[in-house]
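Visitor: I have not seen this one before. Can you put it up and take me through it?

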Amino acid sequence: MQNGASNGSSSEFFNLKELPHIIRALDKNQKVHENILNVIGNTPLVKLNKIPQQEGIQCQMYAKCEFLNPGGSVKDRIAFRMVQDAERQGILIPGKSVIIEPTSGNTGIGLALASAVKGYRCIIVLPEKMSDEKVNTLLALGSEIIRTPTEAPSDSPESNLGVALRLSKEIPNAVLLDQYNNPCNPLAHYDGTAEEILWSLDDDVDMAVIGAGTCGTISGIAHKIKERCPKCIIVGVDPYGSILAEPDELNESDVQMYEVEGIGYDFLPRTLDRKVIDMWIKTDDGSALQMSRRLIKEEGFLCGGSSGAVMYAATKAAKQLKAGQKCVVLMPDNIRNYMTKFISDQWLEARDFKPIPNNNELWWWNKPLLENVVPATVSITLNSSITDALTALRKSSSPVVTVLDNKGNLSGVFTADNTRKRLANISGSSAEALEKFVVKKIYKVDLANNPSLGAVSRLLDIAPYVVVVKTEPSQSVPKIVGAITSDDLLMLVSSDQSLKNANPICAKAQNGNVASTGKNGSISTPDSLQTNSGITV
Ligand code: P1T
């Protein structure tokens, strides 16, 4: 075909009418939509190609692309449904009622979307683990945000559920739609998502693999599919650290922090019906996040972390299906929520989910970070005042003051930048406890793991400083060595002759240099990336 692209000299516009055309059938059902809420649901079912083939799967696999919903997730469906139902019952009154909801973010975005369109004040209560991208989306939609400690057990007053419940009693005209107990949660999937899947596959589905959070998605879909296609095996996907898959073997140590957002809980929501779930598969962060990246790169699905968890589980479960059978994999949310998290290679490297790349062009990349070149930080304790912290900061040449708990463990850091942001953007005053101003999500390296300067440089790509500690075999608490910035690293590589003579670290040993968090440790993000727009309770 002659499209003129090769002929750069022509200044005439193309003759569009005469060019070969590709015309797709138009959806003639609805020419115009009433508002954005009308476009929730009716998501496409798309064949998965490369990954099933590479994994030796015989059956057909189809992705239910919930990440294409207008708010970016499957939870738009239940948010809208709960609002519609509460309006029908006269519980929600536009312009008067205040919607309050505890959420891992996506239900919050769905409710904020409905609130923006319909005119509700909306307060979202969100654990600190959840991404800044979710927070900024919520703020852009006009909702208010309250952050709660990730580690607070769900039945504690400090958890997002506890805080939302308290606020719903305190704030006039507040309505807690309560996705964990509201039948409209599974009902939205029973009436909507499941019908769509069954329609797409002519009521012939052999397996459906679905992530488990409130379990409204899996329970609602499973009930409808089992009515119409009883042979279908329903597979629930639950991360290690959650108790949904094995509640009877509940052990306190089983409840742990994990990175993937939206799936897993430390309690059984009423919206879970275990009877309709035939098998459970547990997933770990590394496998889930790597699979998400494969879904993006190999299939072109711009999806989030729980989609990776579900796909990873599906590649295990679907091995039992034969050629010609059909497996549906539900992909809950989209890439937007995670742009500064697992979409960043440096973020993956910092958590040992990905090896640190080699850069053989730079003489210093594989040189070790030595203790004597790390600028020392001043340490203070958590019970110090803000004034003490500021004085310590002034005295120090480092931009961070390290803050220790009463056992001498590193609790976090105090920085001028973060403190200003908190004072300026969050209701708070300098008379408050230091803890409120401490940045707990930090990137750090442990000299015991022989970090290379390359590893430190990768962290400095996404953090303004890296805290350096050293674990001594004889001591239970790692020693605080100091903190290193880009400035320090540049000075080091431009001037230090002794560094040139130091033996390089073998490239293989580099993965694992970054000691900050490990797979089950606390999340680490620099304060520049931290959520400063919400109120932390
Ligand atoms: O809640 P459930 O229907 O089981 O969906 C699980 C799920 C999976 N993946 C992501 C990215 C999610 O956000 C969720 C559930 N999300 C919430 C419970 C919430 O409040 O956003």
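Visitor: Which residues are buried in helix α12?
Guide: This is a predicted model. In α12, which spans residues 416-425, the buried ones are Asn418, Thr419, Lys421 and Arg422.

Visitor: Where do they sit around the axis of α12?
Guide: Their arc around the axis is only 160°, so they are on the same side of α12.

Visitor: And α11, what is buried there?
Guide: Ile386, Ala389, Ala392 and Leu393 are buried in α11, residues 386-395. Viewed down the helix axis, these buried residues stay within an arc of 120°, which means they line one face of α11.

Visitor: What covers the buried residues of α11?
Guide: The cover includes the strands β11 (379-381), β12 (400-404) and β13 (410-415), and also helix α12. On the face turned away from the buried side, α11 carries Thr387, Arg394 and Lys395, which are exposed.

Visitor: Changing topic. How many strands form the open sheet, and in what order?
Guide: There are 6 strands, ordered β1-β2-β10-β7-β8-β9, with mixed pairing. β1 (45-47) and β9 (279-283) are at the edges; each has a single partner strand, so one side of each lacks a neighbour in the sheet. From one strand to the next, the twist averages 25°.

Visitor: How do β7 and β10 run, parallel or antiparallel?
Guide: Parallel, with 3 bridges joining β7 (residues 207-211) to β10 (residues 326-331). Ala208 is opposite Val328 of β10.

Visitor: Which strands does helix α6 touch?
Guide: α6, residues 184-200, packs on the sheet and touches β1, β2 (60-65) and β10. The direction of α6 makes about 145° with that of β2. Another helix, α7 (residues 216-228), lies across β7, β8 (233-239) and β10, and runs at about 175° to β8.

Visitor: What about the loop between β7 and α7, which residue is found there?
Guide: Cys215 is in that loop. Cys215 is not a glycine, yet its phi is positive, about 75°. Most residues other than glycine have a negative phi.

Visitor: Is Cys215 buried or exposed?
Guide: Cys215 is buried, with a relative accessible area of 2%. Asn173 also has a positive phi, about 65°, without being a glycine. Asn173 lies in the loop between α5 (160-170) and β6 (174-176), and is partly exposed at 41% relative accessible area.

Visitor: Last thing. What is the mean pLDDT of the protein?
Guide: The mean is 89, and 89% of the residues reach 70 or more.

Visitor: Where does pLDDT stay under 50?
Guide: Over residues 507-537. Where pLDDT is low, the predicted coordinates should not be read in detail.

Note on methods
Residues are numbered from 1 along each chain as its sequence is written. This is a predicted model: local features need pLDDT of at least 70, side-chain atom pairs count only at pLDDT 80 or more; totals for chains, interfaces and linings use all residues. Side-chain values use heavy atoms; hydrogens and water are left out. Two strands pair if DSSP finds at least two bridges between them. Helices (H or I, at least four residues) and strands (E, at least two) are DSSP runs, numbered from the N terminus. Axes are lines fitted to C-alpha atoms, for helices over the stretch in contact, and angles run from 0 to 180 degrees between N-to-C directions. Contact means heavy atoms within 4.5 Å. Buried means under 20% relative accessible area, exposed over 50%, partly exposed in between (1.4 Å probe, protein chains only). The arc is that of the directions from the helix axis to the C-beta atoms. pLDDT is the predictor's confidence in each residue, from 0 to 100.
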